[in-house]
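Thanks, everyone. Let me put the model on the screen, and then we can walk through it piece by piece.

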Amino acid sequence: MAVPSPGPREALAPSPEAGHRVAASRSSRRGLFWRLRDKQSRLGLFEIGPGHELHGLACMMQAGLWAATQASMDHPPTGLLTQEDFSEVLTQVHEGFELGTLAGPAFARLRRSLGLVEEDYQAALGPGGPYLQFLSTSKSKATFFLSHDQRFFLKTQRRREVRVLLAHLPRYVQHLQRHPHSLLARLLGVHSLRVAQGKKKYFIIMQNVFFPAGRIAERYDVKGCQVSRWVEPGPEDSPIILVLKDLNFQGKTIQLGPQRSWLLRQMELDTAFLRELNVLDYSLLMALQRLQEDERGQGGSLVFRTVRSVQGAGSPEETEAQNRRLLPDSPNALHVLDGPEQRYFLGLVDLATVYGLRKRLEHLWKTLRYPGRTFSTVSPARYARRLCQWVEEHTEE
């Protein structure tokens, strides 16, 4: 199945230079305190500046995304979502490269439904500051970036993965409408980039599950299995951000208090949806952050949090069916769950692997290769059940 493009459009891209000047002006007014705070929050990350091997690619992505978001602001989508919104492809021609925006109107609506302001999205992803890089423990050959403010996560994708994401996009949007507090990572855009007459590269943009990251102590990528699920911890003073895995979490538990029942139910809803899509090999991202004294039991913000959490819901029965919860008064609230002592950042990511012939053959090979051990390549039904079981076994009230 090809990436749908029944109505491709091509346009000369506007220049991001004006936007860059505005962003630079804002940055210069922030003062020494804010610059020091930004530097502190970036420990373990590396700026993609001049001389970095990915600097050219990052600059093209920034210029292209600035122009793509500007096109969305100049022609905002109106009315209800249509099939054309999911299949539109806009190609903008820049000096030396082209950037394609796939299903742009659908993603613009999704960003708006999440309360994201397009101007802020453009400023974060445009040329106002360098992208950031971290070394990943992922076995994939993907390249990972963070926007300079760390709110957004960019990842290169294979063409077949993009096809899967776009094919599932209408049902993904519908699932988020039915369950607005879903743990699924919020996909905000899918793009292609081609330099000169070269081969297209694809990348996606998501909300960063681990935001804000300033006080995060531990990060995990959980699949609910054993094979290749251990990362050798680094020294305490290492600047490298390590994302640990299942076996690193052995002997530990997630202390959630009354939030545990919500999490177990939401895991069931989200993994059932992914099972219906015939998807496997996704991960539960998890990070731990110690709550400060004034953050525990935030009763003072209860009214605000309640309004924020039930906005858009109808009857109590509808709220229960949607499995809404009381959101914390914090950035990135959809991916934040507070226990009595710890704040947990949680999200389901990597939603583009389908259980086709290749994965079925891989399952057979791993069954022979790892007798008696659990591995990631299993049927979607078994994968979903096993990950839910892992969460149930590693959480307490």
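Start at strand 4. Phe-97, Leu-99 and Thr-101 point one way, Glu-98, Gly-100 and Leu-102 point the other way, and all are buried. Buried here means under 20% relative accessible area, with exposed over 50% and partly exposed in between, using a 1.4 Å probe and protein chains only. Strands (E, at least two residues) and helices (H or I, at least four) are DSSP runs, numbered from the N terminus.

A word on where this comes from. This is a predicted model, so local features need pLDDT of at least 70 and side-chain atom pairs count only at pLDDT 80 or more, while totals for chains, interfaces and linings use all residues. Residues are numbered from 1 along each chain as its sequence is written, and side-chain values use heavy atoms, with hydrogens and water left out.

Back to strand 4, residues 97–102. Six of its six residues are buried, so the strand is largely enclosed by the rest of the structure.

Which strands pair with strand 4? One is strand 3, residues 89–94, antiparallel over six bridges. Two strands pair if DSSP finds at least two bridges between them. Val-89 stands opposite Leu-102 in this pairing. Strand 3 and strand 4 form a hairpin with two residues between the strands, and Gly-96 takes a positive phi near 95° there.

Another partner is strand 8, residues 187–195, again antiparallel over six bridges. Leu-102 faces Val-190. Glu-98 faces Arg-194. Strand 8 is mostly covered, with seven of its nine residues buried.

Strand 8 also pairs with strand 9, residues 201–207, in the antiparallel sense over six bridges. Gly-189 sits opposite Ile-205.

What is its strand order? Five strands run 11-10-14-16-15, with mixed pairing. Strand 11 (244–245) and strand 15 (336–338) stand at the edges. Each has a single partner strand, so one side of each is left without a neighbour in the sheet. Strand 10, residues 218–222, runs parallel to strand 11, and two bridges join them. Asp-221 stands opposite Lys-245 in strand 11.

Helix 8 packs on this sheet, touching strand 14 (283–290), strand 15 and strand 16 (342–349). Contact means heavy atoms within 4.5 Å. The direction of helix 8 makes about 10° with that of strand 16.

Now zoom in on strand 15, where Asp-338 lies. Is Asp-338 buried or exposed? Buried, with a relative accessible area of 16%. Its side chain makes a polar contact with the side chain of Arg-343, at 2.7 Å. A polar contact is a pair of N or O atoms within 3.5 Å; within protein, one must be able to donate a hydrogen and the other to accept it, and residues adjacent in sequence count only if both atoms are side-chain atoms. Leaving aside neighbours within four places in sequence, Asp-338 is in contact with Leu-256, Gln-259, Leu-291, Pro-328 and Arg-343.

On to helix packing. Two packed helices are described by the angle between their axes and the distance between the axes. Axes are lines fitted to C-alpha atoms, for helices over the stretch in contact, and angles run from 0 to 180 degrees between N-to-C directions.

Take helix 8 (residues 260–276) and helix 12 (residues 380–393). Their axes come within 9 Å and cross at roughly 170°. That makes helix 8 roughly antiparallel to helix 12. The scale: under 35 degrees is roughly parallel, over 145 roughly antiparallel, 65 to 115 roughly perpendicular, and the rest oblique. Ala, Val, Leu, Ile, Met, Phe, Trp, Tyr, Cys and Pro count as nonpolar, Asp, Glu, Lys and Arg as charged, and the others, Gly among them, as polar.

Then helix 3 (residues 55–74) and helix 6 (residues 118–125). They pack at about 170°, axes 8 Å apart, and are therefore roughly antiparallel to each other. Trp-66 and Met-73 of helix 3 are among the contact residues, as are Tyr-121 and Leu-125 of helix 6. The classes here are five nonpolar, five polar and two charged.

Last stop, Gly-49, in the loop between strand 2 (46–47) and helix 3. Gly-49 is buried, at 17% relative accessible area. Gly-49 and Pro-130 are 81 residues apart in sequence, yet 6.4 Å apart in space, C-alpha to C-alpha.
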